[in-house]
Amino acid sequence: RPYSISSSPTSPGSIALTIKRVPSSRSDVPPGLVSNWLHDNLIVGDRLKVLGGPLGGFTFLPDAPSRLLLISAGSGITPMMSMARWLYDSFADIDIVFLHSACTPEDIPFYDELLLIDKHMPNFQLEITVTRQRPGVSWAGHKGRISLAMLQLAAPDLHERSVFVCGPDDFMQRIRSTLENLGFPMNNYHQESFGGFRAFEEAPEPTEDDVWAEESAQQEHIPGQKDQGQTQIVTSNSSSLNGYQPDSTSVVTFTKSQKEIAGDLSILELAEDAGVSIPKACMMGACGTCKVKVTQGSVEYKATPTNLTSTDKDAGYALACVATPVGRVAVEA
């Protein structure tokens with residue numbers, strides 16, 4: 001289960017994750033599995049093994065722009081806080097607008113810290129909107145979802161800023177569409193993804209961990225099960241197909257495991273069918289957990305990988321969860 005790092009690299013001695021307990025809000029959806037387990041079981045002094053180390057490319061470093069617009073909703077605020085803390089600690093000469101959307105005034109993470117940063121950084125502008133307001137709770141800030149008018153009010157020079165967005169999938173899609181319709185230069189647009197689940201914000205049912213658990217259950221592969229009859233294990237201890245011509249036009253050889261398999265699925269799905277272990281998380285090419293090296297052949301992508309750099313591509317790496325083999329392919333796994 002991936003979590004965004006909310007601490008700043010200016011504090012190299014520690015890594016902070018901000019994890020909210022996620023109770024079940026629906027009878028047909030379990031409560032947050034990993035988040036609640038961490039709350040219920042972790043104690044001071046426990047040790048955790050982190051698989052793969054920090055991954056992801058959602059950062060404005062090393063080439064920091066002169067003007068930033070950080071837009072977040074719900075738990076999407078966590079990577080924004082890492083950026084804001086770095087900006088504050090390093091006295092960066094960058095003009096920042098921090099726009100966050102929360103359900104209610106009580107649901108604003110890091111609110112006191114953000115107010116402190118806003119007070120002490122003349123080049124930091126904090127804007128917060130709430131989508132709902134409980135009776136008896138006063139709120140003098142913005143109200144409602146982030147709209148075009150709100151964006152233009154918070155950042156009149158919008159077209160001159162680099163925009164970073166993180167939050168629920170529908171929230172990010174709405175912001176992206178708004179900017180595209182406005183003629184915003186999308187090469188200055190960046191968004192993070194938590195994977196195939198939603199964050200808690202404007203529609204908190206289901207919560208991020210509820211949907212994560214539900215989708216993980218759907219994506220969990222059953223050993224021996226074939227997807228639409230397209231996958232077939234050809235041999236397990238050979239480096240060639242020995243003349244065998246499968247129905248599929250693509251064949252993957254996993255060089256470390258000495259297994260081969262034919263199929264029209266992603267490399268990750270083929271690996272699971274062949275019993276080859278490749279770490280995974282988001283299942284949509286966003287987190288980089290499933291990065292593998294392709295030593296022979298080429299791949300094509302079901303969806304554009306958002307966490308594969310040009311350096312990675314030049315070195316032969318691919319994201320197994322969204323990469324489909326083209327013809328004969330060899331993979332280090």
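# Reading a predicted fold, step by step

Q: Which residues in α2 meet which residues in α3?
A: From α2 come Ile 77, Met 81, Ala 84, Arg 85 and Tyr 88, and they meet Glu 113, Leu 114, Ile 117 and His 120 of α3. Contact here is defined as heavy atoms within 4.5 Å. The element names follow DSSP runs, numbered from the N terminus: helices are H or I runs of at least four residues, and strands are E runs of at least two. Before we go on, two notes. This is a predicted model, in which local features need pLDDT of at least 70 and side-chain atom pairs count only at pLDDT 80 or more, while totals for chains, interfaces and linings use all residues. Residues are numbered from 1 along each chain as its sequence is written, and side-chain values use heavy atoms, with hydrogens and water left out.

Q: At what angle do α2 and α3 pack, and how far apart are their axes?
A: The general idea first: two packed helices are described by the angle between their axes and the distance between the axes. Here α2 and α3 pack at about 35 degrees, with axes 11 Å apart. Each axis is a line fitted to C-alpha atoms, for helices over the stretch in contact, and the angle, from 0 to 180 degrees, is taken between N-to-C directions.

Q: Is the crossing of α2 and α3 left-handed or right-handed?
A: Left-handed. That word applies when the near helix is turned anticlockwise from the far one by less than a right angle; clockwise would be right-handed.

Q: Which residues touch the most other members of the largest nonpolar core?
A: In soluble globular proteins, nonpolar side chains tend to be buried together. A nonpolar core is a set of buried Ala, Val, Leu, Ile, Met, Phe, Trp, Tyr and Cys residues joined through side-chain atoms within 4.5 Å. Buried means under 20% relative accessible area, exposed over 50%, and partly exposed in between (1.4 Å probe, protein chains only). The largest core has 28 residues, and Phe 98 and Phe 124 touch the most other members. Two or more residues come from each of β1 (67-73), α2 (77-89), β2 (95-102), α3 (111-120), β3 (124-130) and β5 (162-166). With seven residues, α2 gives the most to this core. Another core, of 24 residues, lies apart from the largest one; Phe 254, Val 294, Leu 319 and Ala 320 are among its members.

Q: What does Phe 124 touch?
A: Leaving aside residues up to four places away in sequence, Phe 124 touches Ala 84, Ile 96, Phe 98, Leu 114, Ile 117 and Asp 118.

Q: How many salt bridges does a search of the whole structure find?
A: There are 10. A salt bridge is a side-chain nitrogen of Lys or Arg within 4 Å of a carboxyl oxygen of Asp or Glu. One of them joins Glu 160 to Arg 67, with the closest N and O atoms 2.7 Å apart. These partners sit 93 residues apart: Glu 160 in the loop between α4 (148-154) and β5, Arg 67 in strand β1. Glu 160 is exposed at 54% relative accessible area, whereas Arg 67 is partly exposed at 30%. Both belong to a network of salt bridges that links Arg 67, Asp 95, Asp 157, Glu 160 and Arg 161.

Q: Where in the chain do Arg 328 and Glu 260 lie?
A: Arg 328 is in strand β12 (residues 323-331) and Glu 260 in strand β9 (residues 259-262), 68 residues apart. Their side chains meet in a salt bridge of 3.9 Å, N to O. Arg 328 is partly exposed at 39%, while Glu 260 is buried at 0%.

Q: Which peptide bond is cis?
A: Most residues other than glycine have a negative phi, and most peptide bonds are trans. The bond from Leu 61 to Pro 62 is cis, with omega near 10 degrees, and Pro 62 is in the loop between α1 (33-41) and β1. As for phi, Phe 91 has a positive value of about 55 degrees, and that of Phe 110 is near 60 degrees. Phe 91 is exposed at 74% relative accessible area, but Phe 110 is buried at 18%.
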